[in-house]
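Okay, thanks for coming, everyone. Let me put the model up on the screen, and then we'll walk through a few pieces of it together.

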Amino acid sequence: MTPLLSVEKLSVRVGGLTSAATVIDDLSFEVSAGEVLGIVGESGAGKSLTGMAILRLLDPPLVQAAGQIRLDGRRIDTLSPRDFEPLRGKHIAAVFQNALSSLNPIMTIGRQLVETIAVHHLLSRVQAEERAEGLLAEVGMPGVRARFSAYPHQLSGGMRQRVVLALAFACEPALIIADEPTSALDVSLQGQIVGLLKGMSRDRGTAVIFISHDIGLVAETADRVAVLYAGRLAEIGPVANLLQAPRHPYTRGLIASIPRMDRPLQRLAQIEGTMPSPGSRPSGCAFHPRCPVAIDRCRLEQPPLIARDRVRAACWLLDPDAAAETGTTRDA
Amino acid sequence: MPDRADIVLQVEGLTMAFAGAPGLLRRLAGGGGIPVAAVSDVSFSIPRGETFALIGESGAGKSTIARCIAGVMTPTAGRIAIMGRDLAAGSVERAVRGNLQMIFQDPYASLNPLWRVSSSIAEPLSAHGKGGQAVGERVAEMLRLVGLSPEDGRKFPHQFSGGQRQRISIARALAAEPALIIADEPTSALDVSVQAQILNLMRDLQVRLGLTYLFISHNLAVVSSMAHCTGVLYLGRLMEVGPTVHLLSRPRHPYTKLLVDAVPDIAAIARQRPSPRGEPPDPAHPPSGCTFHPRCPLAMERCRHERPALRGLDGVQVACHRAEDMRTATRDAAPPTSAPGIVAKSGVPAFVEK
Amino acid sequence: MRLEILKAPVAFWSALVLACLCIAAFGAPLLAPYDAFDPGSANVADARLPPGSHGLFGDSYPLGTDPQGRDLLSAMMYGLRTSLAVGFGSVALAALMGVTLGLLSGYFGGILDAVVMRIADIQLSLPPILVALLIDGVTLAMLDRARYDLLAVPTLILAISTSLWVQFARTVRARTQIEKNKDYVLAARISGVGMFRVLTAHILPNVGVPALVIATVNLAVAILVEATLSFLGVGVPATQPSLGTLVRIGNEFLFSGDWWMSILPGGLLVAVALSINLLGDWLRDRLDPTTRTP
């Protein structure tokens, strides 16, 4: 069965007058209809850019240098901006971190919703209003009808994000890309919004790409998780397998460094050093300078994704030949 | 009871009321300041060498409290004493000379972008007229202490990453050997792996130098790894105060429980969390009685009219009429696996499996 | 940055032109063929001679003479000196006043801020020429002719800067209000750094760049205001003509065919203003990233 979205060998470069750098390198993954794929990584790993690339929102000096992006088998990365327009909203929708800038500040939320629905579904105004009401109720907005005449700045951050969710689902897209949808919200709201996203997408069979730096949130929401490091895919697999038995040393280190409430006042495991910036990636595996178990081959050659126990990780240690070949491991 | 001389920070009845509708003249004069969240009757103390955390969401008043203690804001009422000395309402300069330092949330705004790093680190010393060789050596020592090299002193902030800038801020905070360090969300703007480095650094320095921290955060997991005692703030009031392990494993206030439940847990894949009701309140129009009652699953009639006072229960201070019911409402979790006090492990990453 | 100017031809040539003009202007006592401010050097018999002519006594006048027999080239050089001095002086004074007031009102707010900003608002609603006229007129009325002539240039500087300081104050105030809440300022205060030092060592450097940008913009404005005032007859005294004065004097004869007496000084004014503006554009783009054109 063809996956809903397939990204193959995607490369994105940022070009400058004096220097160019690769910010996403050889990235490949798939999203099936109705599943939630979480993309996690730290700042600079390229997770937001991946979402931007799929949505064709890369502005110069960012440019897609290689690879293919297919939606329902059809290539979308080669479409002209005009041809891509009809896809945005109806087939692919987006939810961003800052709800205030996602909403038109001079239009009431009722009008934004109704117009979006009416345009995309060719409904009469009354029908569109009914649907808008239904959506607002579904996202848990109290006092629905009264909210129609509210302007975005009159709402709290949590309510704004609910409106953004309603707008995203209004056109019944096949895929929603949510880029850090809750990072600007208080902790008590994050769970609500994420729960809404998951529930509504389940009900409609919408696929979601959930981009976040918060692995815990992703753990609760996603079916599969992809871990990005320095623009490359480090590991990908079902959420349970990946988080409970990660295969890539970076994923392991990342998970171990998160403070846990059941281990109070204990020193956290830490990964030394910092993630390299796009212009200064080391040779071979980008993680090798920080990796406690790197071998010689890690320094020389970039590892491919190797499958092990339902996850795929880009690590030479999973290759039986490579690990046996050298006997040397840089000790922990 | 810890010895009084050993209490580094004592806060009693700290209150900061809203300014109210500004008068005509003040409105003509315009604003330009940051909005002030109200704080009511906050009291706590921190013994030497320990970390006290203030946790709350936006609008809870954490930054207001920090600024009042730092002497930057004048509270409407209350008493603040550092090392036993009262901070009477007054200027920053007089009150906190040499005794207090602060680490800030935004690593990109906490260092003067036009100053060399060594100048920024030396400022707590140079502000009191010290200079020369001794200061230069102290700066180099501080840089080494936080894991940077003395040569880094000659660089400018923009040449460093966010995590490194926080290290520089820590170096600056330590330069004048303050009695108290206020850490205002020091890792909220950092990636998880960098956060781990900074938290470990802060903890190691605390053990090594006997530092005392007031740690402000919205992240309960971070607080759990750093703080001996925690106070939970909601709309400017303390809801529960006590040893962190108690608050996490057997919260006696419904809001504490809400915060505990809201922490995303990697181990609980796809769990169904109890969904908290309602939205955070509008600080300008706080609810009557107990300010938490609109969102409280245990709210009753009394909560709407009568604000509960802080009282002792099961080893913590809690402001809730139904705190006793929390004993059964929460299945008290198994006691956590830590020894009291700080366990400083060596730098071996524990995550490697062979 | 000095080397980068070579990359932008417009800015480079503007800078070169401006440099030559400055040398000509401030080196006028050494370089000019005649001392234009010395009434004795003017020979009425040689009045209104076209460029390239020779006078009755063999003096050569490369750019001709003005109605009083002054060598136009020398008059222009001396006049340029006056124009530039007034221009730079008034911008400098305006910057000093504006930045200081902006810093103080932005940092302290309250009554000080209210008073300063209301004065600024009032100031802005008055056209610069009128303000300058007013100050100039008052001074003229208060002092006798001789002392007025002595104080003419400083009075002009004061008059022009009075209308220019507001821009500086407003911009610096806005940026100060933002900057004062930044954490590093707070850190300095907590460390016990005194107010004055916080303002000068921390805030001023970080809010000062836009002031530089405004200064370059207003330099040409100041020069042209002075020229206008002199053209109107209320600027510098006629015995020490500036470019504006020369334009005025020569204007009367424009339609009788003696074009050089007003066109040449006018052209020089345009050249000065243009090169300052072009150089200022380049400087602005270099210093203030927010106004950079893509």
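Let's start in chain C: at roughly what angle do the axes of helix H3 and helix H11 of chain C cross? They cross at roughly 35°, and the two axes come within 11 Å. That's helix H3, residues 72-108, and helix H11, residues 260-287.

Before I go on, some housekeeping. This is a predicted model, where local features need pLDDT of at least 70 and side-chain atom pairs count only at pLDDT 80 or more, while totals for chains, interfaces and linings use all residues. Residues are numbered from 1 along each chain as its sequence is written, and chains are lettered from A and ligands numbered from 1 in the order in which they are written.

Helices (H or I, at least four residues) and strands (E, at least two) are DSSP runs, numbered from the N terminus. Axes are lines fitted to C-alpha atoms, for helices over the stretch in contact, with angles from 0 to 180 degrees between N-to-C directions.

Back to our helix pair. H3(C) passes H11(C) in a right-handed crossing, meaning the near helix is turned clockwise from the far one by less than a right angle. On the H3(C) side, the contact (C-beta atoms, placed from the backbone, within 7 Å) is made by C:Leu72, C:Met76, C:Gly79 and C:Leu80. H11(C) brings C:Trp260, C:Met261, C:Leu264, C:Pro265 and C:Leu268.

Now chain A. Here we have an open sheet of 8 strands with mixed pairing, in the order E6-E7-E8-E3-E9-E10-E12-E11. Strands pair if DSSP finds at least two bridges between them. At the edges sit E6 (92-95) and E11 (306-308), each pairing on one side only. From one strand to the next, the twist averages 20°.

Zoom in on E7(A), residues 175-179. Is this strand buried or exposed? 5 of its 5 residues are buried, so E7(A) is largely enclosed by the rest of the structure. Buried, by the way, means 20 or more other C-beta atoms within 10 Å of a residue's own, with C-beta atoms placed from the backbone. A:Leu175, A:Ile177 and A:Asp179 point one way, and A:Ile176 and A:Ala178 point the other.

E7(A) has a parallel neighbour on each hand: E6(A), over 4 bridges, and E8(A), residues 207-212, over 5 bridges. A:Ala94 stands opposite A:Ile177, while A:Ile176 has A:Val208 as its bridge partner in E8(A). To get from E7(A) to E8(A), the chain goes through helix H8, residues 187-204, in a right-handed β-α-β crossover. Right-handed here means that, with the strands pointing away from the viewer, the path from the first strand over the helix to the second runs clockwise. Helix H7, residues 157-170, lies across E6 and E7 of chain A, at about 175° to E6(A).

Last stop, chain B, with 12 helices and 12 strands. Of its 354 residues, 49% are buried. H2(B) lies across E3, E6, E7, E8 and E9 of chain B, running at about 155° to E7(B).

Methods
Two residues are in contact if their C-beta atoms, placed from the backbone, lie within 7 Å. A residue is buried if 20 or more other C-beta atoms lie within 10 Å of its own, exposed if 12 or fewer, and partly exposed in between; C-beta atoms are placed from the backbone.
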